[in-house]
Amino acid sequence: MKEEKPIAQNTNELFHPSPEIIAQANVKDPEAARLEAAKDIQAYWAKRAEELDWYKKWDTVLDDTNKPFYKWFTGGKTNIVLNALDRHVKTWRRNKLALIWESEKGEVRTFSYHALNREVCKFANVLKSMGVVKGDLVTIYMPRIPETVIAMLATAKIGAVHSVVYGGFSVEALHGRIEDSGSKVVITADGGNMNGKKIELKKIVDEALQRSGAPEHVVVIKHLGIDVMMEQGRDFWYHELMTLPISKNGLKCETIEMDAEDPLFILYTSGTTGKPKAILHTHGGYSVGVHATLKDVFDLKEEDRWWCTADPGWITGHSYIVYGPLIAGATSVMYEGAPTYPYPDRWWSIIEKYGVTIFYSTPTAIRGLMRFGESWANRHDLSSLRLLGSVGEPINPEAWRWFYKIIGKEKCPIMDTWWQTETGMFMMAPMPAQPLKPGSATKPFPGIDADVVNAEGKSVAPGEEGFLILKNPWPAMMRTIFKDPERYVKTYWSTYPGYYFAGDSARKDKDGYFWVIGRVDDVIKVSGYRLGTAEIESAFITHHSVAEAAVIGLPHEIKGMAIHAYLILKAGNEANDTLVDDLRKHISHELGPIAKPEKIEFVTSLPKTRSGKIMRRVLKARAQGMSEGDISTLEE
Ligand code: WTA
């Protein structure tokens, strides 16, 4: 996809860490760690698993008898909550802050490990009283508030499986995900604050539930204090449930012992075709993977103040807001709202106010804030920072330099982490004690074997573009697609049998550094958010005026990629600005504002293959004034 290469790669430019950074790094010699792990991957992961508590240790590190349905730490008994809370409240960490939360309006709430554990226990008892048992599905559709974390942990604690749906999604996206998961309970809030606006989540839940067989119960957190409809017998206020004497032991709740391979959560993500798929992760291997990666890549120390700006509704939030930091016993900062509210220095003010030491964010946010100029950052004391991070899409060198210079004051290395919902944990990332190249996620994490191959599956020469594959299984890997194991095999393990196909194109340079270029399928990364063309096209078709729809992603200065839609109207509809407006509103209402197209064009035909499949690459080529031959064969 030639047109999507945002990176002017200078593969020779190296940024070396300072002696202080190396001296304090958890991993002093990343190259040696990689070599050591490669010698015996199972021994490496067993060692990393020893860093955690287990009810019972595993019998087998890796069971690969039924590939690609790999199993990790089989025979082991655990629960992610055992490591995220239970083990900390037995030590001095019970009085350490787990979470510092700030609302968009500036309200602050903090939770020590003791307090977080208490709220989780109380809410776990609430869920139990609603009949939620091990293996049940619970949908969590929330603003970015502490109760999101509490709900996830409470669900996991009693062995139920959470499905967090990003609070920026809307009616149809939510409906599809609730229905597909078969959730027994939906946990939501009256609404959330975003950029000075009130997002009325309960209203969206009500509309979504009208479209499908409803769950038994809806738990509603009062966050905004706005009026909402409460359906008798179905809907309950969280604050009322939390104060009921549910059991005589309401402040305590036993953590259920799980098999290492028992499901922890599903997370819907978009793929090449059809409906979004639910990626399934488990308790044991996932705990080991997120903990090891966070500790090594972000060099996490007891006294750090960690801030990951993602939303818990995406994998980054699951792994590195909720589970990774809590397992590590860290103090996390969480912020509800927009980085530009009320002014474009909100993030920098939060770093200063709480003394954030490690700041993990996205290229799209950096590009967005760069626009406002450096003075917004310069009016704050950012000297507490020691490490920066980036995720979600390739970071262009201009944004990298701004981040490095203006935010990190040229003393904070940037950890560019490449990974996916499916991988659960970082697959490629630097470690602080290692030289960096702006725009490269550098090298695979210890125990991970990545390569770039051509269509035949042969490694390409250094500097050549190809498909990114992973050659070894890893503990936090997805186990399957919920309810669709065939699609799991087909999507990820059939292109190059035996190897994991990531769906990204990449290059590896002569020093072994990887440069991820972008998706080779129909996934569009809009502001780092992962969206699928199929889901957006289906949403267009539900509008009364649309006969056919094709959606592509085209490069965008701030968002990375933006959605362009080509629509064939049903006879009798007039293509005008009012209709464009109406269609944009329709998409926003059905899927969410992030799916709003940048541009809508009305056409009379769409390029298709003989079998009727829309040739999006032809649309892309035309849109960028290229001939079809200019489009790399990668996409075919
Ligand atoms: C892209 C997000 C370049 C990539 C954790 C991947 C990146 C997709 C990077 C997964 C990075 C993520 N450099 N590209 N550092 N990180 N990507 O599932 O295309 O939302 O396949 O997981 O994001 O997106 P997902």
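These exercises walk through a predicted model, each with a worked solution.

**Exercise 1. The ligand shell**

Task: Find how many residues surround the ligand, and state which are the closest.

Solution: 
- Step 1. Count the shell: 17 residues surround the ligand.
- Step 2. Pick out the closest: Asp416, Thr417, Thr421, Arg519 and Arg530.
- Step 3. Sort the shell by class. Six residues are nonpolar, five are polar and six are charged.

**Exercise 2. Polar atoms and burial**

Task: Which atoms of Gly392, Thr417 and Gln420 lie within 3.5 Å of a nitrogen or oxygen atom of the ligand?

Solution: 
- Step 1. An N or O atom of the Thr417 backbone lies 2.7 Å from a ligand nitrogen.
- Step 2. Gly392 also uses a backbone N or O atom, 3.1 Å from a nitrogen atom of the ligand.
- Step 3. Turn to the side chains. In Gln420, a side-chain N or O atom is 2.9 Å from an oxygen atom of the ligand.
- Step 4. Check the cover. The ligand taken alone exposes 530 Å², and the protein buries 97% of that.
- Step 5. Name the elements that give two or more residues to the shell: helix H11 (315-327), strand E20 (414-417) and strand E25 (514-519).

**Exercise 3. Two helices in contact**

Task: Classify the packing of helix H13 (residues 363-370) and helix H15 (residues 397-407) by its angle.

Solution: 
- Step 1. Read the geometry. The helices pack at an angle of about 75°, and their axes are 10 Å apart.
- Step 2. Apply the cut-off. Angles of 65 to 115 degrees count as roughly perpendicular.
- Step 3. Conclude: H13 and H15 are therefore roughly perpendicular to each other.
- Step 4. List the contact. H13 brings Ile366, Arg367, Leu369 and Met370, while H15 brings Glu398, Ala399, Trp402 and Phe403.
- Step 5. Sort by class. This contact has six nonpolar residues, two charged ones and no polar ones.

**Exercise 4. Backbone exceptions**

Task: Where do Pro68, Pro342 and Glu410 lie, and what marks the backbone there?

Solution: 
- Step 1. Recall the background. Most peptide bonds are trans, and most residues other than glycine have a negative phi.
- Step 2. Take Pro68. A cis peptide bond joins Lys67 to Pro68, with omega about 0°. Pro68 sits in the loop between strand E1 (60-63) and strand E2 (71-74).
- Step 3. Take Pro342. The bond from Tyr341 to Pro342 is cis, with omega near -10°. Pro342 is in the loop between strand E17 (331-335) and helix H12 (346-354).
- Step 4. Take Glu410. Phi is positive here, near 60°. Glu410 lies in the loop between H15 and E20.

How values were computed
Residues are numbered from 1 along each chain as its sequence is written. This is a predicted model: local features need pLDDT of at least 70, side-chain atom pairs count only at pLDDT 80 or more; totals for chains, interfaces and linings use all residues. Side-chain values use heavy atoms; hydrogens and water are left out. A residue is near a molecule or strand if one of its heavy atoms lies within 4 Å of it. A polar contact is a pair of N or O atoms within 3.5 Å; within protein, one must be able to donate a hydrogen and the other to accept it, and residues adjacent in sequence count only if both atoms are side-chain atoms. Accessible areas come from the Shrake-Rupley method with a 1.4 Å probe; for residues, only the protein chains shown count as cover. Helices (H or I, at least four residues) and strands (E, at least two) are DSSP runs, numbered from the N terminus. Ala, Val, Leu, Ile, Met, Phe, Trp, Tyr, Cys and Pro count as nonpolar, Asp, Glu, Lys and Arg as charged, and the others, Gly among them, as polar. Axes are lines fitted to C-alpha atoms, for helices over the stretch in contact, and angles run from 0 to 180 degrees between N-to-C directions. Angles under 35 degrees count as roughly parallel, over 145 as roughly antiparallel, 65 to 115 as roughly perpendicular and the rest as oblique. Contact means heavy atoms within 4.5 Å.
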